[in-house]
Amino acid sequence: MANGEAKNWEKIGENTLITIIDIKQSIEFHLKYSLGKTIKNASKQDIMKGVSLALRNFIIDGLIETEKRQENIDSKQLYYLSMEFLIGRSLRNNLSNLLIYDKFKKALELLNVDIDLIFDEESDAALGNGGLGRLAACFLDSIASLNMAGFGYGINYEFGLFKQEIQDGHQLEKPDRWSLENSPWLIHRPEYACVVPVFGRIEHAKDKHGNYNPMWLDWELIIGIPYDLPIVGYEGKTINFLRLFSARSSNDFNIKIFNQGDYIKAVQQKIESEAISKVLYPSDSVIEGKRLRLMQEYFLVACSIRDITNRYFSRHQNLDKFEDKIAIQMNDTHPALSVVELMRLFIDEHNISWDRAWEITQKTISYTNHTLLPEALEKWSVRLMQEVLPRHLQIIYEINNRFLNDIKIKYPNDDERLRRMSIIEETDPKLIRMSHIAIIGSHAINGVAELHTKLIKEKLVPDFFYLYPDRFFNVTNGISHRRWLIQANPDLSHIITQAIGEKWIDEPENLMKLVHYASDSSFQEAFAEAKKNNKKILSRIISDNCNVSVDAESIFDIHAKRIHEYKRQLLNVLEIIHTYLSIIEDGKTIDVPRTYIFSGKAAPGYFMAKQIIKLIHSLGDVVNHDSRVNKYIRVVFLPDFKVSLAERIYPAADISQQISTAGTEASGTGNMKMAISGAVTVGTMDGANIEIGEAVGNDNIYFFGLNAEEINLMKNSYSPKDYYNKNFAIKRVMDSLKSKIIFKKESDIFVFIYNMLINEKDIYFHLADFESYCIIRNKAFKDYIDFSSWNSKAIINISRMGKFTSDRSIRNYSEKIWNL
C-alpha cells in the first residue's frame with residue numbers, strides 16, 4: 001500500500017485476502033503517524049501499540065458491521081452489568097480470535113521483531129479482582145463467539161485493585177494504573193455521555209390530577225463518559241463491546257470560588273466526583289468509603305440503564321416491546337439498584353403506571369448470586385441511602401410495602417416470615433438488603449453450580465424459593481476455552497487438534513473424543529512434553545520473580561486464587577509443615593520432588609489473609625534453605641496474581657488445589673482452567689468440584705474432607721481443641737506455629753493463627769479436614785509416580801472439560817433466562 005490507511009480491510013474471519021505486506025505497512029503507518037516513531041527508534045511498547053492500532057482498524061470495521069447487522073434484524077439484546085471485568089491483555093486474544101496471529105507474526109518478522117517479545121508490553125486491564133470479573137470476561141467472549149447481541153457494562157477504573165508487592169514476606173499494595181499509557185483498545189464515546197443525579201431532597205407535590213408526584217430537587221450531577229472496549233468473537237463474525245464509564249464532574253471548577261483565591265475548594269467537587277471511577281472497591285471501613293462504594297454502584301447502574309434505554313429508543317417509539325427486546329443480567333448484588341433505577345425512569349420520566357413499570361422491570365432483569373457467605377450479601381444503611389439517593393429510597397419502600405402486602409395475603413398472621421423477607425432489615429441502624437431487591441425485582445435468579453443453587457434454595461433464601469419456585473435456576477459457571485486452552489496453552493491445543501481435528505474449537509463438547517487417546521502412549525508422550533515445556537516457562541518466571549530455583553521435573557502442586565480463609569490456603573500450608581516435620585523428625589522419604597506454588601492477593605484490610613501470605617513466605621524461607629529437605633520440597637509464592645500470570649501458571653499445573661470448606665465456594669473456575677490443561681484436582685465436595693468429579697469419574701479426581709451437610713451438622717458441636725488433643729500430627733503442626741521449631745526468628749507472629757484455630761472457633765474446619773487432606777494429597781503424589789496412569793487421568797480431565805466452557809454456560813442462560 002502506498003498509504004497505510006488507503007486499503008479497505010477485509011473481514012479476516014471470513015476472507016483471508018489481507019496480505020502480510022498490508023499488515024506490515026499498516027504497522028509502520030501507525031508507528032509513524034500515530035506515535036511519531038520509526039521501526040528503528042521504536043521501543044517494544046511502541047511496537048506493541050503500533051501492532052494494536054493496526055489490528056484495531058479491522059476490529060472497528062467489524063464492530064460497525066456487527067452493529068449494522070444487529071440493527072437490521074432488531075435482535076433482542078443482552079446487557080451484562082458487573083462491577084468487575086477482569087479482561088487481562090487483549091492483543092494476543094484478538095489476534096487469536098481473528099485467526100490472524102501467524103500473519104501478524106510474519107509481518108513483524110519482516111520488521112525484524114519477534115511478536116512474542118511484545119505481548120508482555122501490554123498492561124492487564126485491571127478492571128476486576130478475581131473470579132467474578134474473570135467470569136464476566138469469559139461470558140463476553142462466548143456471547144460474541146456465539147454471535148449473540150450482548151454487551152458488558154462496567155466502570156473504567158483508573159486504578160485497578162492494586163499491584164501486589166512482597167516485602168519481607170508481607171503484602172504491600174501499590175497503585176495499579178493500568179490505563180496510564182492510554183490503552184489502544186479503548187474507544188472514546190463522549191456523544192453517549194450520561195448525566196447521573198445524586199444527593200438532593202424530595203419535595204412532596206401533586207400533579208394536575210391530584211395524584212402524588214414527588215419531585216427530586218437540588219441534586220448534584222456527575223457525568224458518565226463512556227469508553228468502549230471491543231470484544232472480538234471467534235473468527236471475527238461478531239464484535240460486541242464492553243462499555244466502561246469514567247466519572248467526570250458536571251463543572252470542572254467553581255470559577256467564583258477560584259477567583260476568591262480558594263483554589264483547592266474550587267476544584268473540590270471535580271475531585272470528589274471523579275473519585276467514583278478512580279479505584280476498584282474503595283475501603284468501606286469508614287462512612288466516607290461506604291458513601292463512595294454506594295455512589296460507585298449507583299454510577300454504574302445509572303449510566304448503564306440510561307444508555308440501555310437510549311439504545312432501545314433509537315429503534316422503538318414506545319416501551320411496548322422493551323421486555324421483548326432487552327435483557328439485563330445483574331452479576332451479583334452490586335448492580336441491584338438496576339431494579340430501582342429502571343422503575344424510576346419508567347415512572348418519573350416516561351410517566352407509565354406503577355404496575356406496568358413493575359411488569360417490564362421484572363420481565364427484563366435477572367440476577368446471578370455468587371456467594372453463600374452472609375457477610376458478602378450487601379446491605380446499605382437506610383440513612384446513607386436517604387442521603388445519597390432519596391428518590392430511590394422512596395421507591396425501595398414502595399416496592400417493599402407492595403411486596404409485603406402480597407406476602408400477608410399469601411401467609412396471613414406470619415410476622416416472622418414478613419421480617420425475614422422484608423427488604424428493610426429492622427435493626428439499629430436500619431439496613432437495606434440488596435439481595436432481596438435483586439430477587440424480588442427479577443424474573444430469574446440463578447446459582448452458579450448445582451450445590452450452590454441447592455444451598456441458595458434451602459439455606460440462603462428458602463422463603464423466596466418457596467414463594468417463587470419457578471424463578472430459580474442453576475447455570476454452572478464456565479471458562480473460555482479459547483483463552484485458557486488455545487491461547488494460554490498452544491502446544492497442548494496443537495496436539496489436541498492433531499488427534500481429533502479442529503471441530504472442538506467451535507464445539508468444545510468434541511473434546512470428549514480425547515478419551516480414546518487417554519491410554520495412547522504416543523499421545524501421552526506428546527501431552528507430557530507440552531506439560532514439561534509449560535513447567536519450564538513457569539520455572540523461569542519463578543526464578544525471575546521469586547529468586548527461587550525449582551525443578552521442572554518435580555510435581556507442580558498449585559494453589560492460585562484470592563487469599564481467603566474459606567479458600568483454605570492455610571490448610572495447604574499446615575499440610576506442608578506436616579510434610580516438612582515428617583522428613584526432618586520422622587525420616588520420611590519423598591519419592592518425587594514437589595514444588596508447592598501459591599499465588600493470590602489478599603484484600604488490603606483483611607488481616608488474616610495477609611498473615612497467611614506472610615506464613616507462606618516464612619515457610620518458604622525455611623524449607624528452601626534447609627539442605628535436609630530442599631532437594632525434595634520447595635515452596636514459592638508468585639506475587640501480583642492477574643490474568644496474564646494465570647495464563648502461565650495454570651498450564652503448568654500437575655495438581656490443582658481446590659480445597660475450600662464444603663458449602664462456601666459458589667462454583668470456582670480455577671478448577672476448570674487447570675483441568676482443561678491437564679491438571680488433576682485435589683478438592684473438597686464443594687462448588688463445581690462436584691460436577692467436575694461427576695464428569696471425570698472418581699478415579700480421576702481426589703476428593704477429601706467433610707461435605708456441606710456434615711459441616712452444617714457439626715457447626716454447633718465442632719471442637720478444634722479435641723482434634724488438637726487427639727491427633728499427634730495436628731498437635732505437632734499447630735505447636736510449630738507458636739514455638740521456634742520451624743520459625744526460629746518469627747514464632748511470635750504466628751501465635752495469632754494458632755489461637756484462631758485452637759482457642760477460637762476454626763469456622764472453616766481446617767483441623768477437622770486435616771487428616772483426610774494429608775491422606776488424599778499423599779495418595780495423589782504416589783499416583784504421580786506411575787507415568788502412564790497419571791497422564792491418562794490428566795487427559796481424561798481435558799476430555800471432560802467441554803461441559804465446563806462458558807459457551808455452554810451462555811447457551812444455558814440464553815435458553816433458560818434471556819431468550820435471545
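Guide: What follows goes from the whole chain to a few individual places.

Visitor: Fine, so what kind of model is it, and what are the ground rules?

Guide: This is a predicted model, in which local features need pLDDT of at least 70 and side-chain atom pairs count only at pLDDT 80 or more, while totals for chains, interfaces and linings use all residues. Residues are numbered from 1 along each chain as its sequence is written, and side-chain values use heavy atoms, with hydrogens and water left out.

Visitor: And what is the mean pLDDT?

Guide: The mean pLDDT (the predictor's confidence in each residue, from 0 to 100) is 92, and 95% of the residues reach 70 or more. Over residues 1-15, however, the pLDDT is below 50, although this stretch has 31 contacts in the model beyond near neighbours in sequence, a contact meaning heavy atoms within 4.5 Å. Where pLDDT is low, the predicted coordinates should not be read in detail.

Visitor: How does the radius of gyration fit the globule rule?

Guide: For 820 residues, a compact globule would have a radius of gyration near 28 Å, and the protein has 28 Å, which agrees; the radius is taken over C-alpha atoms, and the rule is 2.2 Å times the number of residues to the power 0.38. Taken along the principal axes, the C-alpha atoms fill a box of roughly 90 × 80 × 60 Å.

Visitor: What share of the residues is buried?

Guide: Buried residues make up 61% of the 820, where buried means under 20% relative accessible area, exposed over 50% and partly exposed in between, with a 1.4 Å probe and protein chains only. Of the contacts with a separation of 6 or more, 75% are between residues 24 or more positions apart.

Visitor: How many helices and strands are there?

Guide: The protein has 34 helices and 25 strands, counted as DSSP runs numbered from the N terminus (H or I and at least four residues for helices, E and at least two for strands).

Visitor: Let's pick a helix. Which residues of α12 are buried?

Guide: In α12, which spans residues 354-364, the buried ones are W354, A357, W358, I360, T361, Q362 and T364. The elements that cover them include α10 (322-325), β13 (326-331), α11 (337-349), β14 (365-368), α14 (390-410) and α16 (434-440).

Visitor: Now a sheet. What is the strand order in the one with β15?

Guide: That sheet is open and has three strands in the order β15-β17-β16, with antiparallel pairing; two strands pair if DSSP finds at least two bridges between them. The edge strands are β15 (379-381) and β16 (424-425), each of which pairs on one side only. Three bridges join β15 to β17 (residues 431-433), and W380 has I432 in β17 as its bridge partner.

Visitor: Which peptide bond is cis?

Guide: The bond from D428 to P429 is cis, with omega near 5 degrees, and P429 lies in the loop between β16 and β17.

Visitor: What about phi at L99 and N413?

Guide: L99 has a positive phi of about 60 degrees although it is not a glycine, and N413 likewise has a positive phi of about 60 degrees without being a glycine. L99 is in the loop between α3 (91-97) and α4 (101-110) and is partly exposed, with a relative accessible area of 45%. N413 lies in the loop between α14 and α15 (415-421) and is exposed, at 82%.

Visitor: Switching to Q77: buried or exposed?

Guide: Q77, which lies in strand β1 (residues 77-81), counts as buried because its relative accessibility is 4%. Its side chain makes a polar contact with the side chain of R311 at 3.5 Å; such a contact is a pair of N or O atoms within 3.5 Å, where within protein one must be able to donate a hydrogen and the other to accept it, and residues adjacent in sequence count only if both atoms are side-chain atoms. Residues that Q77 touches, not counting those up to four places away in sequence, include A149, F151, K325 and L820.

Visitor: And what does S660 touch?

Guide: Leaving aside neighbours within four places in sequence, S660 is in contact with Y566, K567, R568, E665, T684 and D686. S660 sits in the loop between β23 (655-658) and α26 (670-675), and at 6% relative accessibility S660 counts as buried.
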